[in-house]
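Hello,

Here is the structure I said I would pass on. My notes on the packing follow it.

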Amino acid sequence: MKLVGKVFTIEAVAFLAVDMEEYLKVSEVIDWQHPEIMGCAKQIASGYETPTAIAKACFEWVRDEIRHSYDYQMSPVTCRASDVLQHKTGYCYAKSHLLAALLRANEIPAGLCYQRLSIDDKGAPYSLHGFNAIHLPEVGWYRVDARGNKEAVNAQFTPPQEQLAFKIKFSEEADFPAIFSEPLQVVIEALQAQKTWDDMLCNLPDISLESAKSYGLLL
């Protein structure tokens, strides 16, 4: 297994070669068995026959139909996939939770990925950014970012070519290779602690590069 466009050591490949069942599980945050999520997943997949086509449809739906909380200055702050669907808004992390849920509801393995990015694109301060990896039959793990496109952000589903929302520009930024079956606890806690989009903006979760390995972000 591999991440498209990335080169890993044998150890990293072995780390990623885990049971795909881990990436199909239902959980408190990725609550894909919620009736509304199952109904939405079925509706999005209608008319598509292959896992790749369904995955693309799910990705584009979350990217385009769920509004990024900061971009649209929308509250409440959501975390659980079913809440993101209900309120039609979420920060990048929350949107990735919903996308993972819709994919798993369609029996497509999906995980969570993270980058560390400059908040204002000028350097410090930094925060985590959340997106997804999807396991596609033709290419293996393929990463996508459904945070929502805008000026200077053009994330697309074009396997095997990866086209994420952001590129690494600063030495304190990072593109972490790990694929998690569940969101990082620091992300869940940050989302659950805030009520409004502007409060969340002031309390975005972050993990320093020095601490990244202890969180499993570095293979």
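Which residues in α3 meet which residues in α6? Please keep in mind that this is a predicted model. From α3, the residues in the contact are Ala55, Cys58, Phe59, Trp61, Val62 and Arg63, and their partners in α6 are Lys95, Leu98, Leu99, Leu102 and Leu103. Sorted by class, this contact of α3 with α6 holds nine nonpolar and two charged residues, with no polar ones.

On the geometry of that pair: helix α3 covers residues 51-65, and its axis comes within 10 Å of the axis of α6, the two crossing at roughly 150 degrees. Angles over 145 degrees count as roughly antiparallel, so α3 is roughly antiparallel to α6. The crossing of α3 past α6 is right-handed.

Helix α2 (residues 35-45) also packs on α6, with an angle of about 70 degrees and 9 Å between the axes. The range for roughly perpendicular is 65 to 115 degrees, and therefore α2 is roughly perpendicular to α6. Here Ile37, Cys40, Ala41 and Ile44 of α2 meet Leu98, Ala101, Leu102 and Ala105 of α6. The contact of α2 with α6 is made up of eight nonpolar residues, with no polar and no charged ones.

Leaving aside residues up to four places away in sequence, Leu102 touches Ile37, Cys40, Ala41, Ile44, Cys58, Trp61 and Val62.

Next, the cores. The largest nonpolar core contains 58 residues, and Tyr93, Leu98 and Leu102 are the ones with the most contacts inside it. Helix α6, residues 92-105, supplies the largest share of this core, at ten residues. Another core, of eight residues, lies apart from it; Tyr23, Cys113, Ala133 and Ile179 are among its members.

Where does Lys150 lie? Lys150 is in the loop between β5 (140-144) and β6 (156-158). Its relative accessibility is 40%. Buried means under 20% and exposed means over 50%, so Lys150 counts as partly exposed. Between the C-alpha atoms of Lys150 and Leu184 the separation is 26 Å, with the two residues 34 apart along the chain.

Regards

Key. Residues are numbered from 1 along each chain as its sequence is written. This is a predicted model: local features need pLDDT of at least 70, side-chain atom pairs count only at pLDDT 80 or more; totals for chains, interfaces and linings use all residues. Side-chain values use heavy atoms; hydrogens and water are left out. A nonpolar core is a set of buried Ala, Val, Leu, Ile, Met, Phe, Trp, Tyr and Cys residues joined through side-chain atoms within 4.5 Å. Buried means under 20% relative accessible area, exposed over 50%, partly exposed in between (1.4 Å probe, protein chains only). Helices (H or I, at least four residues) and strands (E, at least two) are DSSP runs, numbered from the N terminus. Contact means heavy atoms within 4.5 Å. Axes are lines fitted to C-alpha atoms, for helices over the stretch in contact, and angles run from 0 to 180 degrees between N-to-C directions. Angles under 35 degrees count as roughly parallel, over 145 as roughly antiparallel, 65 to 115 as roughly perpendicular and the rest as oblique. A crossing is left-handed if the near helix is turned anticlockwise from the far one by less than a right angle, and right-handed if clockwise. Ala, Val, Leu, Ile, Met, Phe, Trp, Tyr, Cys and Pro count as nonpolar, Asp, Glu, Lys and Arg as charged, and the others, Gly among them, as polar.
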